[in-house]
Amino acid sequence: MFARRRFAVLKNLLEYIGLEPGRLHFSWISSAEAEKFQRTAQEVVEAVRKLGPAKRLIKDIRKVA
Amino acid sequence: MDFEAVTQKIREIAKRLLSEGQVDAVLGYREGTVPMRERPFFAYTPEEAEQLVWTPFCCNNLANFLIRKPKGEIGKWGIVAQGCVTRNLVGLIQENQLKREELFIIGVPSPGMVDRRKVLDKFPGKTISQVLVEGEELVIKGPGLDERLDMKTVKRDNCYTCIQRNPVIVDEMACDKAENDSMGGDIDKMAAPWESLDPDQRWQAFYDNFKDCIRCYACRDACPLCYCHVCFVDESQPQWCGKTQDFADVATFHLLRAFHCAGRCTDCGACESACPVGIKMRRLTSKIEKDIRQMYGYRPGLEIEATPPMSVYKPNDPEDFIK
Amino acid sequence: MADKILAKDKLPEFLAQLEKEHRVYAPQLQGDDYRWAPLEQAGDVVWDFSNTRLSPKEFFFPQTECMMRFVNDPADPEGMIMKPEEPLDEKRVLMNIRPCDAKAFGVLDLIFCQDDYTDDPYWRDKREKTLLVALACNDPCPQCFCTSVGCGPHSEAGSDLLLVDLGDKLLVKVTSERGAAFAEGLEEAGEDDQKKAAELKKAAEDKLAQNLTVGTDKIAQKEVLELFDDPMWDRVWESCLNCGTCTFCCPTCHCFDIQDETQGKEGRRVRNWDWCMHWLFTRHGSGHNPRGTSKERVRQRFMHKFKYIPLKRGGEIGCVGCGRCVVLCPVNIDVREVVNQMNA
Amino acid sequence: MFNPYLPYPVRIKEVRVETEDKSLKSFWLEFMKPEDAEAFKYTPGQFAELSVSGYGEIPIGIASSPTEGKDLLFTVNKVGCVTSKLHNMQAGEVMGVRGPLGNHYPFDRMEGKDIVIVAGGFAVTTLRSTVVYMLHPDNRDRFGKITFIYGARTPGMLLYENEWSEWQKRDDIDCHITVDQEFPGWEGLVGFVPTVTEQVAPKPDNAIALICGPPIMIRFTQPVFDKLGWQPEQIVMSLENRMKCGIGICGRCNVGPEYVCKDGPVFTKAQLDQMPKEY
């Protein structure tokens, strides 16, 4: 419940700086909800895969700086 | 504001406190060696208190220096504090970094501090050797330069939307309280300026705003919220944040620092005043301040007894973003 | 070589000659400050700026510099073995560098290239590929104190050519052998030009004398421990935030950190600027910290510049008086005041 | 162009756990290229930067002696990121060595003199190098009497047992190995290094002492030497400070004007008396 407040602020912050929409997902999953965990993980992976490689907040050490 | 009268009164109070042994030191401002840059000053004797000043150039947040002095050296502090500084003192008391009884607060209503960068920008290429205050005007002097500026036009951004000019907690005022706590500006018109943009524009604005950062961490080190013994950016095991000038590393630092200030930032502007390259950290912190205010109805540093919003929850907190 | 004259309207030809082999960089107004940027055309050259916000040391000592790379795969035959990064792929000219900044590189040469072993190839490579065309200061700013620390508004140290702005033309002083080649085609300066340049120098020095100046003579005489144990340090550090502003804007500060980074099979060793004000800078793995307090760190910075470097480098002071830290320090710890206390 | 930052590639030849708490391991390293082995000419007292690609570098005193051949010995305490990784590495793996760095023990000044070596804990590394070097038949005649005092908390924390137990059998070195307190099965000396030093009472006449150990040992050993009449020029110590470049540039290891990595790590007490206590 404390985390809920933190994530609410963090989500807004990351969207506010223009992180690609659709990269941030939040879910409540209890330790008893194995099926929901599996389903959610699949959904997130599918959604993110559709977006392609992330470009923002990504460091490439092949570049100099 | 009659700065000279306030200066005299601050000195008078400080001298009295020091000579009566009520405090061990008075933390205030003294004149700087550069125009428009007053500096923090620790007066330990009544004679030293003669150097204290009050001007529209007092941009450091003095609450910051209380937590940076090694503990145990000073028993009781006198501190010159305007509204935002007392809000940070309240925050530090809430977070158990300070005790109210360790402080003697010499209160001053904030007149709104001058942004030296705004003044310099008005005279590009010119050398400013002296800036005087005359009433509500600044007199700017230098070679081939003798100009006047209305102080109201060159204040720090955060000062226009200040909601708490008067001290929240105070032991003795150095002048009458201001009639209004608010400076009058509408924070909602200024806060979170990138909200109206689309994601690509937001990222561009974010990049442009922080690309000049040299990672000197003056923003962090000038901030009374940043008292962690080891800042996340300095941790090496594990290393949360790379040390290079790659924008991902720079951005990570600024994002996380802003996030760590959530529900605590009083919008005092010390970070922006400290930055050597003119970065506007408030473009991030004002967004968080706005969210906290709108989602949880909290404004930091106004009540010692209040519970900071990030250490509490309510069953009906917004959660529509969670699937 | 005798002093030369370059008419400002002949600047395009002069630059064209430099651009045959070099990429030319010069201070230009970007946003609210002067910064170093590639020079697109002669018309973009500025003559009336004071100085760039940050020192141009980035050209030789980038804030982040990849030193070597490796294949991050122990199974690869060449894996985990460091290979040096390629040298700089261009020759450069820093046009209109201020004499203080040029002098600073002379000081740093003594530190990066001390002897056969301590000979920093990354620094040396870029130094050797860069020509410094300095522009003398005719109008020094109120925070400068170059004349106090063995430098000056028309100082010739460290540069290859020194330009003195005479209005519609420039006096060109040849200040190194390398610079001579680029001044050869220019006409010789007349007596009037030389006289005018000397007057400008005198005027700039007189103006600097009005600023807060510093003395270093007694620092040179005092023993290390006498300065080190001086009670003045008990107060100097009080307001210091321990941020990196003074060191990062300083043209002579040169401390760095070395770190490894990996991403999949890519690996590299980079160096980043570091700063002696930071408490982790000297902390041992055991937790012991030889400079664990702010006072010790603030003392280190001033002692390093004004006592240790002179002691080790033939009297050369580790400060050129550019005044950047005076302007930018968020709490206005003024190096001039500190040095004068040391020199008391 | 010569690059002093570039490590020589080496292969780990042998790893040995040195202490009972497993916090110290010794690594024998073999140069992968013969020309690198040739270039790496060192004298006891010097150190090297051990490089673990992807983790970083750490300055470690060279524990082998040049008289032992081309392979290098380092004994490493597990403290931070690099040393932890190193402790997980095994024989056959590739790493790097950069050096030799810094100055060395003053063998030219030590020649013809009696040598007293006092070591505490794992600071014994470069002194192992020194003893092996001096005991070598080519060198032994250059020095007078050699006294070796070495202590650790427990017998299991003493490094290089194989070697010092051999030295104890020799008549050209006088060994005093001690542990802090009584321990079952330990038949050697018991007592702190300063106390043992007091009992051994080395004479200052025509002698030089090399002292290396934790600060607390040094603090209590120095007065012993003072009382015995030793002069500051006769006492030689090795410092350690946090380092990065190892070649006198990067700015963190200095003690006053002296860079521990380049002007040191070996200093006489006379020198240290003129330097701030920033170590």
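**Group meeting talk: chains, domains and a sheet**

Let me start with two helices. α1(A) passes α10(B) in a right-handed crossing. Keep in mind that this is a predicted model.

How do we describe such a pair? Two packed helices are described by the angle between their axes and the distance between the axes.

Which residues meet? From α1(A) come Val9(A), Leu10(A) and Leu13(A). From α10(B) come Leu255(B), Ala258(B) and Phe259(B). By class, this helix contact has 6 nonpolar residues, no polar and no charged.

Now the chains as a whole. Chain A and chain D do not touch. Their nearest C-alpha atoms are 12 Å apart.

Take the contact of C with D. Chain C gives 42 residues, and chain D gives 37. On the chain C side, several elements each supply at least two residues. They are β4 (64-71), α2 (99-112), α7 (224-228), β11 and α10 (294-312). The largest share, 6 residues, comes from β11(C). This side of chain C divides into 23 nonpolar, 12 polar and 7 charged residues.

Next, the contact of C with B. It takes 35 residues from chain C and 30 from chain B. The elements of chain C that give two or more residues are α9 (245-249), β11 (256-263), β12 (266-273) and α11 (324-328). By class, the side of chain C that touches chain B has 15 nonpolar, 12 polar and 8 charged residues. Note β11 of chain C: it is listed for the side that touches chain B, and also for the side that touches chain D.

So where does β11(C) sit in its sheet? The sheet is open and has 4 strands. The order is β5-β4-β12-β11, with antiparallel pairing. Why do β5 (83-84) and β11 of chain C each have one side without a neighbour in the sheet? They stand at the edges, each with a single partner strand, so that side is left without a neighbour.

β4(C) and β12(C) pair in the antiparallel sense over 7 bridges. Val71(C) stands opposite Glu266(C) in β12(C).

On to chain D. The domain assignment gives domain 1 (8-101) and domain 2 (107-238). Their C-alpha centres lie 24 Å apart. How many residues are in contact? In chain D, 17 residues of domain 1 are in contact with 14 residues of domain 2. The domain 1 side of that contact divides into 5 nonpolar, 9 polar and 3 charged residues.

Last, one residue: Ile218(D). Its place is in helix α7 (residues 215-227) of chain D. Is Ile218(D) buried or exposed? Count the C-beta neighbours inside 10 Å. Ile218(D) has 20 of them, so it counts as buried; the cut-off for buried is 20 or more.

Which residues does Ile218(D) touch, not counting those up to four places away in sequence? They are Ile211(D), Gly213(D) and Met237(D). Pro194(D) is 24 residues away from Ile218(D) along the chain. The C-alpha atoms of these two are separated by 8.3 Å.

Definitions and conventions: Residues are numbered from 1 along each chain as its sequence is written. Chains are lettered from A and ligands numbered from 1 in the order in which they are written. This is a predicted model: local features need pLDDT of at least 70, side-chain atom pairs count only at pLDDT 80 or more; totals for chains, interfaces and linings use all residues. Domain bounds come from an automatic or database domain assignment. Two residues are in contact if their C-beta atoms, placed from the backbone, lie within 7 Å. Ala, Val, Leu, Ile, Met, Phe, Trp, Tyr, Cys and Pro count as nonpolar, Asp, Glu, Lys and Arg as charged, and the others, Gly among them, as polar. A crossing is left-handed if the near helix is turned anticlockwise from the far one by less than a right angle, and right-handed if clockwise. Two strands pair if DSSP finds at least two bridges between them. A residue is buried if 20 or more other C-beta atoms lie within 10 Å of its own, exposed if 12 or fewer, and partly exposed in between; C-beta atoms are placed from the backbone.
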